[in-house]
Amino acid sequence: MDLESIVKEIRKKVLIMCYHAGGGHVAPSFSCVELLIALYFKILRIDKNNYNNDDRDRFILSKGHASALLYAILAEKGFIDKNILNTFCQKDSILGGHPEKHLVHGVEMSTGSLGHGLSYGAGIALAGKINKKSYRVFALLSDGECQEGSVWEAALFASHHKLDHLIAIVDHNKLQSLDKVDNILTLNPFVEKWQSFGWEVREINGHNMKEIIDVLEKIPFSKNKPSVVIAHTIKGKGVSFMENNPIWHYRIPHTKEEWEIACKELGIDKSEFREVFK
Amino acid sequence: MRNAYLDALYELAKNNKNVIALVADIGAIVYDKYREDFPDRFINCGVAESNMITVAAGLASCGKVPFTYTITPFITMRTYEQIRDDVCLHNANVKIVGVGAGLRYSTLGPTHHAIEDIAIMKTLPNMKIISPCDPIESKMATFAMAEIKGPVYFRIGTGGEPRIYDSSYKYQFGKGVVMRGGSDATIIATGGIVYDAIKASEELEKENISTRVINIHTIKPIDKEIIIKSARDTGIIVTVEEHNIEGGFGESVASVILENYNHQVKFKRLGIKDCFCSYYGSHQELKSHFGIGKKDMVREVKNLYKQKIHIGE
């Protein structure tokens, strides 16, 4: 399957999982589908059969609420069984609303509370530096997450210790839970903030597969400096009524009409649902 | 206690290249020897404690054995969610060393006191808590802590605590220690205040009240047996801690007795009475002022002893 087809399949899968769960962070997952697929299918040096290898690359989903997306990709990569995806958030499932490392093969860090992933990644990167390993550590952050002070503690630490194998990717969809980031607590000037913290910054269109892969193949952007990719994205990408509307942060379609539109736009065959929605 | 901890840490680092010390800009001179000999394994993370804890968890995920260190409130309270999510939820092999237990930083005021840390640390799954009473125990418990795979909170004083043990002492994780025998009453204490409890017991002996003193150096998991045995043998338990009485060590002891011993026990907790300690003076002066001094222990044991004798008659 080519990457574009995988992108389509994964978006479908996420919505179907959230349908069966009766809820989920659909829109925050949809903004970073291309980013995660580029990572897992083109960039990350990890292997499900040799996952405990100390030399593997690490990926940390610091915005843990996109767990449905991560599970769908881990299933596609063979880390977990595809048949369990539709147990998402249901009784006895290992697939929770935020990913847990000890439950799900391939999850590098248990996340959920924002602002933890970059520090954890910095710790792994520091260990790699001490042990003279060549692995890279990627952490995907949301833009709202960058309001957490701990993100900037980590940013200081990584640049001070010259962790140039640590890469932050910010899913910059400009929306957070309740409103636009700029209406709540602006991050601007965002690029300059990262630069002033000693990071090398690149900006890309986070839905353009070629741009994503091109930029991630060039890391580190500058020797001895950590790299950050600010990926401009659209929250809810792929479903017209979800796009750029904060109400969809934690919400699945409610009405029959909403379901019809979402399925049509994503190309979902309704037979994939456990029962026909009302 | 602090220097004894550092002596042990130095030896651990010498023998295990995965040991790594992280500090949050505290411990300037005391780490000199360690820093000189293991420069690559000393990270001053700056005044950014939360990041330090999560960096440590990341290091631990790669097989490192991080010993994080700073003043107790900053390493336990500023960082609480990092400890819960990144250390305890991951069962990460991170050691959390808080210096300045209780009112040890007496003159620095309530921001630097640590009277809530036991309560919040003991409620974390996977966390173990060690609270040594003197320098010898601090050193030996540091070695024991390194043997434990997983999170440990280590609650130590600063410097200058009197020695109680001699060098023949064998530390056993999870096992309370009888510091003084006694048959009429028991004082159960943890941390540096064990010393005051011993002094209280000596004074009580002069008044013919034979008072056992138990040192609970491992607060979690707690040694139930030694507590139950003391309740059975003496019928009077007084707990004492340099900590808020709410949620503290005394509650842990009380739970053990209530759930495991079905006979009457006279019981009293001594601790800080749910207040901030906005009062200045020496460490000893603060302990006396807030009702956890030697005199307070003597008074409470005598009160309970009178009641016991009265019931006995």
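**Note on the two-chain predicted model**

1. Start with a cis proline in chain B. B:P221 sits in the loop between β10 (218-220) and α9 (224-234) of chain B. Helices here are DSSP runs of H or I with at least four residues, strands are runs of E with at least two, and both are numbered from the N terminus. The peptide bond from B:K220 to B:P221 is cis, and its omega is near 0°.

2. Some ground rules. This is a predicted model, in which local features need pLDDT of at least 70 and side-chain atom pairs count only at pLDDT 80 or more, while totals for chains, interfaces and linings use all residues. Residues are numbered from 1 along each chain as its sequence is written, chains are lettered from A and ligands numbered from 1 in the order in which they are written, and side-chain values use heavy atoms, with hydrogens and water left out.

3. Chain A has a cis proline too. The bond from A:I219 to A:P220 is cis, with omega near -5°. A:P220 belongs to the loop between α9 (209-216) and β5 (227-232) of chain A.

4. Next, positive phi in chain A. A:C89 is not a glycine, yet its phi is near 65°. This residue falls in the loop between α4 (67-76) and α5 (117-130). A:C89 is partly exposed, at a relative accessible area of 42%. The classes are buried under 20% relative accessible area, exposed over 50%, and partly exposed in between (1.4 Å probe, protein chains only). A:K132, also not a glycine, has a positive phi of about 55°. Its loop runs between α5 and β2 (137-142) of chain A. A:K132 counts as exposed, with 75% relative accessibility.

5. Overall form of chain A. There are 10 helices and 5 strands. Along the principal axes, the C-alpha atoms fill a box of roughly 55 × 45 × 35 Å.

6. Packing of chain A. Of its 278 residues, 57% count as buried. Take contacts (heavy atoms within 4.5 Å) between residues at least 6 apart in sequence: 74% of them join residues at least 24 apart. Chain A exposes about 11300 Å², with 48% supplied by carbon and sulfur atoms. Those areas come from the Shrake-Rupley method with a 1.4 Å probe; for residues, only the protein chains shown count as cover.

7. Nonpolar cores. A core is a set of buried Ala, Val, Leu, Ile, Met, Phe, Trp, Tyr and Cys residues joined through side-chain atoms within 4.5 Å. The largest has 75 residues, and A:L118 and A:W194 have the most contacts inside it. It draws at least three residues from each of domain 1 (2-156) and domain 2 (177-312) of chain B. Leaving out residues up to four places away in sequence, A:W194 touches A:L118, A:W152 and A:W199, among others. A second, separate core has 67 residues, including A:I16 and A:V229.

8. The domain pair of chain B. The bounds come from an automatic or database domain assignment. The domain centres, over C-alpha atoms, are 27 Å apart. Between them the domains bury about 2200 Å², 59% of it on carbon and sulfur atoms. Buried area is the accessible area (1.4 Å probe) that two parts lose on being put together, summed over both. B:L103, B:I115 and B:K122 supply 29% of the area that domain 1 buries against domain 2, more than any other three residues.
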